[in-house]
Amino acid sequence: MRLFEELFENADDGVYGVKCVWKLGGEGYFEGVKGLTEFSPAEIRIHTRLGEVQVLGKGLSVKKYADGDLYVGGRIYTLTLATPSEGKC
Amino acid sequence: MLKERLCLTGINPERALSRLAKEGIPVFSAEKTDKTNLCFSVKKGDVAKVFAIYPNAKRKGNFVYAVRRLPPTGWLKGARKLKNSVGVLVGAVLFVAVTTLADDWVLQINLDAPAVYEAQIQEVLKRHGVRQYALYEKGKEDLISASLLALDGVSYCSVEKRGSVLTVTLKTNSFATETTNEEFVAERTGILTELTVLRGSALCAVGTEIAAGTSLVEGRIYTPEGESQPARIVAYAKLQCEYACKYTDITQEQAFARAYLEACLDSAQAQLTESRIEKDGEDYVVTLSYVWTQRLGI
């Protein structure tokens, strides 16, 4: 994760603290998670400081969730970030 | 790190996950089995905290989150069963330990030997550090056999350890071997075929059947006047002897070899003249005819 620390060292406050590492078509690791609003094998909705992250995929599970870090197992196909003011991206 | 599997039931159970994470309880392997049930694992030490947050209370008409323990699976299931059967586990461990260690001990000593030799056998065993209910040093069988064969009259000896039982087999030479300078004694039982007396007085006639231990020549010389005076015996005798024995659970060759050794026919004094082996059921009857020569002073 050292690469990401360097990348985000000078990032804005809005970005720093919420990170995501996603293995395409596979599992994902999220930092800065405040809570889960939806959880099913096909969809997980993650509540963060920036907004809500919608994770769509197949066979989704929570491998580990502690101290704001979330490790999602299964196959993630789509990640969508919806910020309250700027809309989806 | 041991974990326990729990199942949380309630509406939007994923919100409970958030609550647990906020309380600093790490959650592992969470899966939603249906709309209202969510199964997850927590560290064993955190289980009490989970039940403290969700104590399974039911309010009037409202259904709050209910948490229950799920039964262990995999190796944990077997481990828990073993934990509840401590007696079985301890018994199994003790059994393995005892059977493994007993092999190194002597718990019983069996003697297959004439009673007169028992004390001497015990003395030899004691000298080699072999005692009942004591540790046994492997590889001592040959040394003990050699010590026992050195005893007077012993013609065959075997020392065998099977498990924790030590068996000592001893066979003696049933024939007298000692001759003194005053007497010329038959060492074997048989028919006296030849007796040459160079000094002394013959006590037996050729052709008679002689038992082992019978004096053949006396260490005295008799004058025609009837007087006698001591004399150092110089004599020579030959006996036609026969040795027969029945053997079980061995082959014909082994039976012959054993009879040969038991009759001490490997001695220079013996000359085998005839051998017969007859089968009696599963047993072998070995009959050996030989000439036994003994001398004194020659």
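Me: How many residues does the contact take from chain B and from chain A?
Reply: This is a predicted model, in which local features need pLDDT of at least 70 and side-chain atom pairs count only at pLDDT 80 or more, while totals for chains, interfaces and linings use all residues. Residues are numbered from 1 along each chain as its sequence is written, and chains are lettered from A and ligands numbered from 1 in the order in which they are written. Two residues are in contact if their C-beta atoms, placed from the backbone, lie within 7 Å. The contact takes eleven residues from chain B and twelve residues from chain A.

Me: Which element gives the largest share of the side of chain B that touches chain A?
Reply: Helices (H or I, at least four residues) and strands (E, at least two) are DSSP runs, numbered from the N terminus. Helix H1 (13–22) and strand E2 (27–32) of chain B are the elements that give two or more residues to this side. The largest share, six residues, comes from E2(B).

Me: What is the bridge partner of A:Val62 in E2(B)?
Reply: Two strands pair if DSSP finds at least two bridges between them. Strand E5 (residues 52–66) of chain A pairs with E2(B) in the antiparallel sense, over three bridges. In E2(B), the partner of A:Val62 is B:Ala30.

Me: Why do the buried residues of H6(B) line one face of the helix?
Reply: In helix H6 (residues 141–149) of chain B, the buried residues are B:Ile144, B:Ser145 and B:Leu148. On the other side of H6(B), B:Asp142 and B:Ala146 are exposed. Seen down the axis of H6(B), the buried residues line one face because they fall within an arc, taken from the directions from the helix axis to the C-beta atoms, of 100°.

Key:
A residue is buried if 20 or more other C-beta atoms lie within 10 Å of its own, exposed if 12 or fewer, and partly exposed in between; C-beta atoms are placed from the backbone.
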